[in-house]
Amino acid sequence: MSYHSEPSEKMERLDQPSNDHVHAHVVVQDEVDVAAKLAASAESDAPLTPEVAAKLRRKIDWHLMPLMCLMYLMAFADKTTLGQSAILGIMPGAHIDQNQFNWLGTIFYLSYLVFEYPQNLALQKLPVGKWMSINIFIWAVALLAHAACKSFGSLFAVRFILGICEGAITPGFMIVTSMFYTRDEQTKRVGYWFLMNGLAIIFLGFVSFGVLHTKTHNFMPWQWLMIITGLITLVTAVLFWFFFPDSPANARFLTPEERVQAVQRIKVNQTGVENKKWKREQFIEAFTDPKTWIIALLAALGNVFNSLTNQRLIIISTFGFTPIQTTLIGCVDGLLEIIYIWIAVNLATMRKIGRGYAGALMFMPALLGAILLNTLPQHNRIGLLFSYWLTITAISPFVILLGWTGSITAGHTKRTTVNAILFVAYGIGNAAGPFMWKKKYQPRNEIPWIVNAVVFGVCAIFLIILRFYLVSENKRRESESHDDSYDDVYLTHVDEKGNSVEKKIDRAFLDMTDIQNREFRYIL
């Protein structure tokens with residue numbers, strides 16, 4: 001197979017001109033998106049009817065969303081087991097103190113950020129679904145091993161392994177979501193699997209409540225928690241291996257005709273599906289694109305607050321609640337997170353509001369909550385509890401950012417590189433966060449809440465800055481003359497009768513970046 005283009009200085013010369021097109025430049029197959037081959041096999045280039053597109057989307061939803069939601073639920077439940085174990089006896093049981101406990105939260109994200117780019121490179125080079133399945137399996141084994149740990153060193157080792165494996169999950173989900181869904185659909189789909197974090201908190205709350213009542217000799221409640229969650233994750237890994245697709249091109253739940261329709265449906269994204277060849281120019285562009293660093297800053301600062309994952313039950317207990325009360329009250333955190341994320345993604349998909357404004361708005365209740373936590377009297381434990389619940393809204397802007405990043409980044413190497421930068425920044429924020437929650441700041445934790453209040457305000461400002469940057473870039477492109485450099489690109493392939501056929505390929509499947517493709521418009 002080969003690709004032919006009309007002469008253009010902007011089209012990179014990748015081979016010698018073909019015999020059929022004396023002045024054409026030949027682009028080898030691995031230079032373009034895998035969707036190009038599927039698109040070339042389509043009998044018609046006509047857009048899908050709304051009915052066909054909606055039916056196909058529903059089929060994709062029913063096959064992808066349950067598995068993605070289950071996996072994200074267990075991923076968050078598993079890494080949150082550490083925080084849940086704080087009131088289930090892990091500190092005396094494993095002979096660790098508060099500082100070592102904080103380090104266990106930090107090492108998870110330090111290993112996460114160190115291995116984040118290798119994980120994203122693997123997600124580009126290897127089948128996405130299979131690579132995630134392998135990481136989930138190793139993750140489950142490491143989680144089960146927690147129950148045998150009796151020291152800081154052994155817990156340190158298994159938390160390090162968990163951090164490595166988690167580096168494949170959220171970036172992998174972002175890639176798969178961008179493969180199967182249009183840009184308008186992506187924010188809500190990211191919201192659907194991300195709000196499983198809230199369900200995970202509720203699930204862990206009830207499991208913790210149950211194991212608190214166990215009376216087993218030499219086996220503490222926190223160890224039972226690790227065993228239960230580890231076994232469920234092990235089953236999830238097996239399900240993922242057999243049922244989760246790598247891309248629309250090989251999704252077994254789609255017929256050959258539906259695979260073609262699936263890539264036609266997302267052509268509007270101008271981002272393609274995937275390309276297994278690593279491209280140096282796209283890698284460099286990811287680092288020189290200003291919006292990459294705005295996204296990275298938002299990911300780092302926004303996730304300083306995420307250190308609450310392992311601290312939330314300790315914080316609730318400092319308001320004056322018993323361990324049993326704290327466990328049950330902690331379930332409310334999960335319910336609120338579900339509600340807040342649902343509100344956020346729905347605000348973000350309203351055209352008059354959009355992603356930047358929606359994220360900034362969701363930081364406002366969190367800012368108020370952080371201020372109240374430092375100003376209400378200590379004896380007002382109900383007021384403090386409700387103020388703490390307000391701060392949970394700060395989780396939802398990161399969900400918006402995840403969906404937004406996939407929608408405004410094109411070119412497969414660039415997309416995986418930007419994802420890696422985003423999640424390295426995410427790891428830095430999460431690794432730094434636990435050090436705020438020092439024993440000496442309890443019970444009021446004034447310093448941590450001041451830091452969080454500042455972070456909420458700064459993040460809201462930068463979300464608006466990102467929006468204005470994208471608006472100005474869209475206006476600049478509207479004023480440019482049409483770039484026809486990539487309008488005449490052809491794929492030569494052999495049809496069912498053995499005839500060599502040329503078919504024009506849409507620029508959406510040429511694996512171009514959002515900067516190279518001047519027809520690309522940034523979603524707000």
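1. A contact here means heavy atoms within 4.5 Å. Going by that, Thr 170 touches Tyr 72, Trp 193, Leu 402 and Phe 423, leaving aside residues up to four places away in sequence. Thr 170 sits in helix H8 (residues 169-180) and is buried, with a relative accessible area of 3%. For the record, buried is under 20% relative accessible area, exposed is over 50%, and partly exposed falls in between (1.4 Å probe, protein chains only).

2. Some ground rules before going on. This is a predicted model, where local features need pLDDT of at least 70 and side-chain atom pairs count only at pLDDT 80 or more, while totals for chains, interfaces and linings use all residues. Residues are numbered from 1 along each chain as its sequence is written, and side-chain values use heavy atoms, with hydrogens and water left out.

3. On confidence: pLDDT is the predictor's confidence in each residue, from 0 to 100. The chain averages 81, and 84% of the residues score at least 70.

4. Now the overall build. The chain has 21 helices and 4 strands, taken as DSSP runs numbered from the N terminus (H or I, at least four residues, for helices; E, at least two, for strands). Of its 524 residues, 59% are buried. Take the contacts between residues at least 6 apart in sequence: 81% of them join residues at least 24 apart. The exposed surface comes to about 20,500 Å², with carbon and sulfur atoms supplying 66% of it; areas are from the Shrake-Rupley method with a 1.4 Å probe, and for residues only the protein chains shown count as cover.

5. A search of the whole structure turns up 28 aromatic pairs. Tyr 72 and Trp 193 make one that is tilted, at 4.8 Å centre to centre and 55° between the planes. Tyr 72 belongs to helix H2 (residues 50-85) and Trp 193 to helix H9 (residues 183-194), so the pair ties together parts 121 residues apart in sequence. Tyr 72 and Trp 193 are both buried. The criterion: rings of Phe, Tyr and Trp (its six-membered ring) pair if their centres lie within 6.5 Å, with planes under 30 degrees apart called stacked, over 60 edge-to-face and the rest tilted.

6. Phe 305 and Phe 456 form an edge-to-face pair, 5.4 Å centre to centre with 70° between the planes. Phe 305 is in the loop between H14 and helix H15 (308-318) and Phe 456 is in helix H21 (residues 446-479), so this pair links parts 151 residues apart in sequence.

7. Two charges over rings are worth a look. The charged end of Lys 130 sits over the ring of Trp 241, 5.5 Å from its centre, and Arg 183 lies over the face of Phe 520, at 4.8 Å from the ring centre. The test is NZ of Lys or CZ of Arg within 6 Å of the ring centre and within 35 degrees of the ring normal.

8. Finally, backbone angles to check. His 95 has a positive phi of about 60° although it is not a glycine; His 95 is in the loop between helix H3 (90-94) and helix H4 (98-114) and is exposed at 60% relative accessible area. Asn 445, also not a glycine, has a positive phi near 55°. Asn 445 lies in the loop between helix H20 (412-432) and H21, and is buried at 3% relative accessibility.
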